[in-house]
Amino acid sequence: MDSLDDNSDEYEDPDLFNPSVHRMTTPDGVRVCKDMSLQVPGQVKGRYSSLCSDDELLDDDDPTLWQGGDLSKIKGSVCLPNTGKLDSATKEDSSQLAAVIKMGWLDKNPPQGALYYQRRWVKLDVDYLRYFDNDKEIYSKGIISTAFITNVTGVGELKFEVATNNRTFIFRAESEAERNDWVTVLQDCTRGRHRRSTMNPGSPLTPDYQGYLELKGLRSKLYTVVASDKVFLYKNIDDYRIGVGITSIEMNVGNVKDLDRRSFDLTTPYRIFSFIAESEQLREQWVDAMRNAIGEALSNSEVADRIWAEPNNSFCADCAAPKPEWAAINLCVVICKRCAGEHRGLGPSISKVRSLKMDRKVWTEELIQLFLLLGNERVNSFWAANVPPSEALTPSSCSEERRRFITNKYRQGKYRKYHPLYGNQRELNNALCINVQCSDVLETLGLIFCGADVNCSTGMASWPSPLSLANAHSQPLQAELISHNLNTELPRSEVGGAMEAVHYSAPPSVSLNGFLFKTASMARAITERKAREEFSRRWCTLNDGIFSYYESDKNSNPNGALKASEIVCLVVDMPEKHGYDNTFELYSESERLYLFGTDDPDSHKEWVKSIAKSFIPASAEPLLRLGFERIGRLKCKDGLNLQTSKVGWFALVGSTLHAYLEDSQGEEIHLRKLNELSIQQDNEVLVLVERGRTLYIEGERKLDFAGWCGAIQTAAGSGGDTLSQQQLTETDIPVIVHSCIGYITQCGLTSEGIYRKSGVNSRVAALCERFRRDARSLCLREGEHQVDDVSNTLKRFFRELEEGLFTSEDASTWLSTAAIQDESMKISQYQLLFNRLPRVNKATLQALINHLYCVQRFSELNQMNLHNLAIVFGPTLFQTDGKDYTAGRAIEDLIQHYTLIFEVDEHQLKKQLEEITVIIQVREKLSTKFPRTEPGGHFICTVYLEEKKDTAEQHVKIPGSMTAAELTCEVLDRRNITVKDKEYWSCWEVSDKEEMERPLHYQERVLPILHSFGTDSHLLIKKYLAMETMIIYLTSKVDASKHGMMKFREERSILGLGLTSGSFHDRYFILNLSSLRMYKEVRSNRPERDWPVKNLKVYLGIKKKLRPPTCWGLTVVYENKKQERQERQQWYLCCDTQSEMREWYATFLSIQYDGNVWPQDGLQQTRVSRVLPDTRHGNVSLIPLRGSENEMRNSVAAFSQDPLAELGVAPVWDR
Ligand SMILES: [Zn+2]
């Protein structure tokens, strides 16, 4: 919805359109402001109600329908903003995207009982015949779907009849010829359409949403249909069924605004439609549906899609906002709506603004080609060659900033790249005449906007102007460019015309010289130790911003030199990494790496400092004072501006990344505290997610970027086994502790014996290891991770923690405090000790005790009261053997007096406990519907037979080994259904939300599927009707492979932010044994994409919201679990026919299961004996859950040795 929300801002530009008050000009030129809500004049009310029973209610001829009170007196009809800021071409095109086949004035027969014909402006396009009050109207009085026109015949007196099944419309033309022409055209256009439409009732109008809506001011409701990119209004549902409506609203100019509970406005530049839905909920659905239609409309445009095919054009040339829908056709820039507003302000003599979506006529093939050839980036290499970073726009810049920038850029040409001939008119003209004969349009652009006169004389009689010269030399793009600039006003700098000075102040000059030892430069990272012999002695100098090295101090010609401005990164190696004790690496812009060494630590330090100083700008100067391991420049983007990259200067010190981004203060990023750190987009972007912000570091160059990634990842990982060396949350709690506590709170508070029962040792060990490697990247999930494994992971972490939670110095004091008799003395002693703990220990202890406090508050459910918890956690946290109960007593104290010792806000705590109660209640409710663990360790799940309804429910115990075929047979058995020959009963995974389903392969295990799907999915047993066809198809094939065209759409996300966009495009696919490849077209040599088939999961169906172009769609899920971070993409394929889709699906299936798509001997034969041992896991009880303290103490010893090891029994499916 994000993208659609963007679109809904469409008309908020106050200059263009004000949503509630409409600025318009009457024919007299008088500006009036008028609320555009539809009104019915009061005096006609009586008549209105009397018409309620009339078939012709709201008919086209009712003069009150589209008129707004006073306005009708001014103009006789609703006023349109016919001057405003929209020029008439725009208006015309936007209102009528479908090509008009014929239009003209006709008289239309009156409604029943009336006497006079009414003069109507009638338009015909391929889908509709519409008639209007007059030729200025945007919204029709009536609209007849051509698909429903059954017959068109000429009748007497210049008349003709347009017949639908239920109604006949009679029109009268002005002449015989005109009448005949209409009849012919209408017949041509409707012939065959009617039949097609009955065969395929969905077409041409497949409604996305429909129902009655009240239109404010009208007393009866209108049947409203949202279909694709339009909204249609009908008098009632019967009219809708016969294809006779009132009007259609093109949503490309629409904007939907929520008003109050049930009402909302659909605003277009020409009218506001104020609707009232029947309920608040329905209003939301209407608003959604209409916003979707707007999204659809906006993604419809062919021109925009073609222009955006050049990637640089998909971001505004001025502010980098995505999907710019406008262009300045003479300046050759593609711009966003807000910038377009400012361009318009410059006037057409400077910027000719046209819409990619609406001004279709202007977009000739040549103009499109010109824009594709140039592209925003190349054009900006001229227009924006010298933009000071402080003046650059971002998509969020305000109007004033835009105005200033755009005026500077185009009116004054302030940032342009000056042509060498600038100022020399004759030479410029001459250069233009020569250049237009070749294809270099960028040069022409530069010449024109640096002063070359496009109307100059070429001196050649046959081709007197540059334009004619370009045409004569078959340079249509040159001609196009010139033709749009014949009257352009040239940029004029108002302040002396001086160019901007260099924007980065030159670094202070440093100089240093001396001997260093150098290896040969490299194009790859150094992975091995460089021995002393590999270094050669070189005389090195750093002077005037150039670092040079010479054979010796006697030589005057350097062996090599590196400009300081070319240095992008300086790395200080750990001592003794190479043959020389002290080494450093220099990375150049051209991706070379230089390694220098010396035995003298002081000289090393001096060189590092001086070189860093030579290439780090003054703005990032504080970095130089740090003891950095790595310093340099990287391109990056951050949350506020994802389109434009900025230059950032970074230094890595320990686990802190110091950064100076363009125009901003220095900042520190604590790498161990990151919420997320990942490398995305084929190793090209390093994503650092902090609380509240995300930084994207881009791999501008491979070599130094790879080094940064490695170093940052290492620095962000846990640095050791003490508490403070862990990856931490924002509040200084180790991520592992935070994750485990969070998981237990969500899923484990009702688990009997939580923290006391042991987990499965191998799994606990694996979890610990995963947390150690990168705690951030591990997300604990219910189903995937078991409660007892997680609880034991947390215990193991504390038990193995170096120096312990209470620190090695103070642990014994904590223990002795437990012995203090006086309660209040004891508490203040605990408080004292607590405040003495290091920051991280303090935060961790408080979080843990808070958690344990909550656990015991729910001891009725989990049987872990204060005492039981203390027995478990005492020895764990104090790392004692457990024979002595002192540790337990201390923990018992801490939990019992939790609110006092930690000075807890009671109100906060109450809220927290309430939240937990809600979690428990919700889970209770869910567990009746969704898989849950039974004491025996199986999963119980609800499977439906044929249809998802209560009476079709079966609750089936699903052991880990159960296959889809077994489950299918089980359910069929229970229902006493015998499988007949050629009946392909299958188990389906159905997702309601995604509107897709997938028959599980008969050998597929069911349990992992259950674990993987969300609450909106279910299992269904039903026949797979297409299986027979698919088997026949597969047996007819020699090998399993397929190729052909399909329509492709992906859920593209900008830098992983999940903003989806896009539409379906034709692509050519080749599917073979190993991979599915996608090509732009049949002739493309290189695939655009290449997916391994084994990682694809193919579902039948596509979410309707995505508007698949055909009903034969597949949703494909790509999952790669091998990588460190799980990767998941979802995209969509649409086939033209059902059989095409089946063939693709069958091929996928056959490849994925090696030709074995269905059991040869039928489903029943696949059943194996499913007698399973009554395995238990995770519930070995070590301590009696209830009992005397003595009983418990006796068993503590056994427990605390290593409660995790060996005792867990792996369940059957734990492979
Ligand atoms: Zn813009």
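Mentor: Glutamate 278 has a relative accessible area of 44%, so it is partly exposed (buried means under 20%, exposed over 50%, partly exposed in between, with a 1.4 Å probe and protein chains only). This is a predicted model, in which local features need pLDDT of at least 70, side-chain atom pairs count only at pLDDT 80 or more, and totals for chains, interfaces and linings use all residues. Residues are numbered from 1 along each chain as its sequence is written, and side-chain values use heavy atoms, with hydrogens and water left out.

Trainee: Which side chain meets glutamate 278 in a salt bridge?

Mentor: That of lysine 221, at 3.3 Å, N to O; a salt bridge is a side-chain nitrogen of Lys or Arg within 4 Å of a carboxyl oxygen of Asp or Glu. Lysine 221 is partly exposed at 33% relative accessibility.

Trainee: How many salt bridges does a search of the whole structure find?

Mentor: The search finds 56. Among them, glutamate 176 and arginine 179 meet at 2.5 Å, N to O. Arginine 179 counts as buried because its relative accessibility is 8%.

Trainee: Changing topic, which residues are the protein donors of the zinc ion?

Mentor: Cys316, Cys319, Cys336 and Cys339, each through SG, lie 2.2 to 2.3 Å from the zinc ion (donors are N, O and S atoms within 2.8 Å of the metal, or 3.2 Å for Na, K and Ca; water is not among the atoms, so sites may look incomplete).

Trainee: Are cysteine 316 and cysteine 336 buried or exposed?

Mentor: Both cysteine 316 and cysteine 336 are buried.
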